[in-house]
Amino acid sequence: MKQEIDLSRSTLIRDVYIVNEMQSFRGYVVVCDEMIAQVGKGDPEAELTGCATIIEGNGRLLLPGVIDTHVHFRDPGLTHKADMATESRAAVAGGVTSFIDMPNTKPPTVSMAAVEDKIRRAAEVSVANYGFFIGATDSNLDELASADYTRVAGVKLFMGSSTGNMLVSDPAAMERIFTNVPALIAVHAEDETLLQKRREAIIARYGEDLPIDFHPVLRDHSVCIAASRRIVEMARAHSHRLHLLHVSTADELELLQPGPTDGKLITAETCPQYLAFCDEQYPMLGSRIKCNPAIKRAADRDALRQAVEDGRIDTIATDHAPHLPHEKTGTALTAASGMPLIQFSLTLMLQMADEGIFSIPQIVQKMCHAPADIYGIDRRGYIREGYYADLTLVDNECEPYTITDQWAISRCGWTPLAGLTVGNKVDLTMVNGQIVYRHGVTFSVPAAHALRFNR
């Protein structure tokens, strides 16, 4: 054996196809307590069969646990939709072992004290590892400048109004944030002034009873590219790390650099919904795919797929945003924007791999490795010796099945993927060396930790 391993405290996962760091090979992993103790190719040495627990992979895929760096778990203040308990259970059922939650809750998370409150809440109920953003406002610079960024993922800045109304509208405030905040700034980039002008003009012409397929007309390409261009220019002027969230247009890709994530000042995220859907599906799916920014043209979807391939898109996260079904009813102006996706994000991406759109190593790079690298998450996101044992075992050749709303674990009780037939499923999820999900059952074991960020 490579190193001395206490077999009485260890788990052997064998006969798996390990996908990690752009490679795929048949092998095994030994987990001791919370950590990965050994990664090997082929069959394990005979001594390792003495491990206290043996998990037979039977040729399934073993992936690093997905790190979803963009979720809205609605806790505190909006827990009629979801909370950290329900949504972390949905997460691990989808192979997501760590999440980073956004600050537009009630009250908003705009102080270090509020972050600490959320950490305490997550420690009580979450079955997945947890991290949190602190939100920017026009007036909380002192809080942002003094926050503990070993315990906070970064600063979330809203340039366009969305759920929670944490809009930063003062250009001078933005300048102060980029000058004084010693951490990554993650931005929702839609131009609020253009948004309001478009809204007023469209209502004046068509009235307020607008069908859902007006949503990408109200929030069109112009509002995205204007805000993204402005914030990218500001980040470059200050040589400050910027992560552009939920990129939805081909236009914005012109602002981004292809290639590996290492060394980039500006990185970018997109979401599975922008890679899978386009505006042609609003008549069929309606408000189920209404989100901010809006899902746009097939040409945007195809350009984003290419950007995943060439590296202009660095990460894939869900923007998981549950609303109750009755909140999703109404017009393009009144139906709530956002969708629950964390439970099926990996399934959807692997289905697209089956269709030849992406490769599985690419998916692992964008959903596991790059999120850990960009946010500096300590010893997660890879299958490496000495890293935390956050792992997911996936049957990528299962009998095809159709997703329904009844599968949804999220408190909101529905999924935009209802009706989609897929050929993969998450069999097992391990968080810090403990099984938290297996064969459709979630276990409420105290395995999860607060994420630490290397700064």
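Predicted model: local features only at pLDDT ≥ 70, side-chain atom pairs only at ≥ 80, totals over all residues.
1. Basis of description. Two packed helices are characterised by the angle between their axes and by the distance separating those axes. Both pairs are treated in these terms below.

2. Geometry of α4 and α7. Helix α4 spans residues 171-180 and helix α7 spans residues 221-238; the two pack at an angle of about 40°, and their axes lie 10 Å apart. That angle makes α4 oblique to α7. The crossing of these helices is right-handed.

3. Contact between α4 and α7. On the α4 side, the contact involves M174, E175, F178 and T179. Helix α7 contributes R230, I231, M234, A235 and H238. Sorted by class, the residues of this contact are five nonpolar, two polar and two charged.

4. Geometry of α11 and α12. Helix α11, residues 345-354, packs with helix α12, residues 360-375, at an angle of about 150° and with an axis separation of 9 Å. Angles over 145 degrees count as roughly antiparallel, and α11 and α12 are therefore roughly antiparallel to each other. Helix α11 passes α12 in a right-handed crossing.

5. Contact between α11 and α12. The residues supplied by α11 are S345, L346, M349, L350 and A353. Those supplied by α12 are I360, I363 and M367. This contact comprises seven nonpolar residues and one polar residue, with no charged residues.

Methods
Residues numbered from 1 in each chain as written. Heavy atoms only, no water. Axes fitted to C-alpha atoms, helices over the stretch in contact; angles between N-to-C directions. Helix = DSSP H or I, 4+ residues; strand = E, 2+ residues; numbered from the N terminus. Parallel < 35°, antiparallel > 145°, perpendicular 65-115°, else oblique. Left-handed = near helix turned anticlockwise from the far one by under 90°. Contact = heavy atoms within 4.5 Å. Nonpolar A, V, L, I, M, F, W, Y, C, P; charged D, E, K, R; others polar.
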